Amino acid sequence: MAENTRQVQTRRGRPTQAESSALRQQLREAAVATFLDKGYDATTMEAIADAAGITKRTLYARYPDKRSAFLDAIPWAFTRAVENDILADVDGADLRAALTAIGRGALERVLDRDIVRLHRIARNEAHRFPEFAASAQSLGWASRQRQVMDLLARHVDAGTVALDDVELAAEHFLAMVEGFPARLADFGIYRSSADEQRHLTAAVDLFLRGVLPR
């Protein structure tokens with residue numbers, strides 16, 4: 001009987017799956033916030049524990065060191081950002097309108113200040129985590145690039161555009177839309193909405209000149 005009581009007490013002392021999941025998210029959010037605020041070098045395990053409101057012992061039970069915390073938390077933040085990225089619901093019949101809608105969504109994302117900070121720390125720490133830098137770049141492009149590829153493929157099938165490589169064309173389109181605004185944002189420079197709209201319109205026009213049959 002006493003043995004059964006001890007077993008029940010032991011089970012009650014362990015966190016439930018929901019509690020464990022909540023703690024993991026709490027730690028990740030605290031780690032991301034601390035790394036983005038202080039940078040990798042200035043971040044300490046103590047600072048992460050303080051941000052999470054837990055003891056260092058609890059933190060070390062999850063992460064043996066700062067490197068492991070970074071490798072878990074920052075890719076998780078990128079994945080969450082991608083999952084929360086709402087793609088424009090476009091009418092593919094009008095190619096110009098569809099590209100404009102997709103491009104507008106791409107600009108909103110690339111100019112989001114949290115996304116800017118994530119990309120900045122990924123670039124700054126690429127020499128320490130080369131495998132992470134590559135995955136972060138692919139995460140940032142994947143879903144929207146697929147959307148552009150699908151749109152272009154439909155128009156290739158319909159004969160309204162002439163393309164040999166829709167993947168490369170989608171990459172070029174997004175680079176034209178996102179590249180320069182993202183670089184400015186990395187230096188803390190954000191242009192007006194009117195300027196960004198003019199930039200987007202010019203990018204769509206230039207792209208269409210290259211893909212529409214002549």
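Helices in this account are DSSP runs of H or I of at least four residues, numbered from the N terminus. The model is predicted: local features need pLDDT of at least 70, side-chain atom pairs count only at pLDDT 80 or more, and totals for chains, interfaces and linings use all residues. Residues are numbered from 1 along each chain as its sequence is written.

The second largest pocket holds about 310 Å³ of space. A pocket here is an open set of points on a 1 Å grid over the protein atoms alone, where a 1.4 Å probe fits, with protein on both sides within 12 Å along at least five of seven lines; lining residues have an atom within 4 Å of a point. Among its 18 lining residues, Ala81, Asp112, Asp114, Ile115 and Leu118 are the closest to the centre. At least two lining residues come from each of α2 (17–42), α5 (66–83), α6 (95–110) and α7 (113–124), and α2 gives the largest share, five residues. Because domain 1 (17–65) and domain 2 (85–211) both contribute to this lining, the second largest pocket lies between them; the domain bounds come from an automatic or database assignment.

Two of these helices, α2 and α7, pack at an angle of about 15° with their axes 10 Å apart, the axes being lines fitted to C-alpha atoms over the stretch in contact and angles running from 0 to 180 degrees between N-to-C directions. Therefore α2 is roughly parallel to α7, a term for angles under 35 degrees. Helix α6, in turn, has an axis that comes within 10 Å of that of α9 (residues 166–186), crossing at roughly 30°.

Note on methods:
Side-chain values use heavy atoms; hydrogens and water are left out. Grid points are joined across faces, edges and corners, and a volume is the space filled by probe spheres set on the points. Angles under 35 degrees count as roughly parallel, over 145 as roughly antiparallel, 65 to 115 as roughly perpendicular and the rest as oblique.
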